[in-house]
Amino acid sequence: MNDLRPADPKVHDSTAAFRDAFRRHPAGVAIITAVYEGQPFGFTATSVSSLSADPPRFSFNMARTSSSWPAVANTNYIGVHMLGLGNRELADRFARSRDRFSGDHWKPGPHGVPLLEGVAAHLIGRISMRLSFENNAVVVAEVEAGEVGPPGVPLLYHGGVYGQPTALDYEI
């Protein structure tokens with residue numbers, strides 16, 4: 001008889017299983033920025049994904065309890081910045097500090113959207129949908145402009161730490 005149970009089963013409640021499962025799922029690291037009432041806002045996100053190529057759209061998820069939610073909820077334009085390995089300190093700054101915009105690491109871009117310097121790529125998107133669900137939201141934006149930097153190694157988040165992809169060796 002074929003036993004389909006894992007060799008070392010762990011019994012989790014649904015919340016623990018969810019957290020453990022997504023700690024094992026690597027994600028690219030990005031920073032979302034917006035301007036609201038003349039003030040820049042931003043946060044680190046691992047939920048950014050492409051939604052469609054024609055027209056070009058992306059989406060991301062966020063907590064409506066975030067200090068950046070009022071900006072995202074009340075603006076028409078946002079920036080998404082894809083981070084490279086050299087942007088780890090920037091990712092930490094936007095994830096852990098309230099002092100996200102002091103310094104010369106950004107400038108105002110189209111529609112006043114804060115643009116971060118030295119990132120792998122950035123896109124300016126016009127928000128076309130906000131879907132609120134309990135304390136969370138899914139945001140969809142259509143790309144209006146963008147810029148890609150030089151090729152480099154992407155910054156990943158996996159197992160609660162930042163990392164980088166490793167190429168697999170194989171023979172054909």
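This is a predicted model: local features need pLDDT of at least 70, side-chain atom pairs count only at pLDDT 80 or more; totals for chains, interfaces and linings use all residues.
Which residues lie nearest the centre of the second largest pocket?

Three strands make up an open sheet in the order β1-β11-β12, and their pairing is antiparallel. The edges belong to β1, residues 27-28, and β12, residues 161-163; each has a single partner strand, so one side of each is left without a neighbour in the sheet. If you want to trace how β1 meets β11, look for two bridges between β1 and residues 156-158, with the strands running antiparallel. A handy landmark here is A27, which sits opposite Y157 in β11.

Now move along to β9, which covers residues 121-133 and pairs with β6, residues 77-82, in the antiparallel sense over six bridges. You can find this pairing by looking for H81, which stands opposite H122 in β9. Strand β9 also pairs with β10, residues 136-148, again in the antiparallel sense, this time over twelve bridges. Here A121 faces V148 across the pair. What do β9 and β10 form, with two residues between them? They form a hairpin, and E134 in its turn has a positive phi of about 50 degrees.

On to the empty spaces. Rolling a probe the size of a water molecule over the atoms shows where empty space is left. The largest pocket holds about 1,000 Å³ of space. Its lining counts 25 residues, and those nearest its centre are F18, F22, T46, S47 and Y157. Several elements, α1 (14-23), β3 (39-45), β5 (56-63), α3 (88-96) and β11, each give at least two residues to the lining of the largest pocket. Of these, α1 provides the largest share, with five residues. What is the lining made of? The residues split into eleven nonpolar, eleven polar and three charged.

That brings us back to the opening question. The second largest pocket has a volume of about 280 Å³. It is lined by 22 residues, and the ones nearest its centre are M82, L83, G84, A120 and P154. One of them, M82, falls at the end of β6, whose residues are 77-82. The lining of the largest pocket, by contrast, includes three charged residues.

Terms used:
Residues are numbered from 1 along each chain as its sequence is written. Side-chain values use heavy atoms; hydrogens and water are left out. Two strands pair if DSSP finds at least two bridges between them. Helices (H or I, at least four residues) and strands (E, at least two) are DSSP runs, numbered from the N terminus. On a 1 Å grid over the protein atoms alone, a cavity is a set of points where a 1.4 Å probe fits but cannot get out, and a pocket is an open set with protein on both sides within 12 Å along at least five of seven lines; lining residues have an atom within 4 Å of a point. Grid points are joined across faces, edges and corners, and a volume is the space filled by probe spheres set on the points. Ala, Val, Leu, Ile, Met, Phe, Trp, Tyr, Cys and Pro count as nonpolar, Asp, Glu, Lys and Arg as charged, and the others, Gly among them, as polar.
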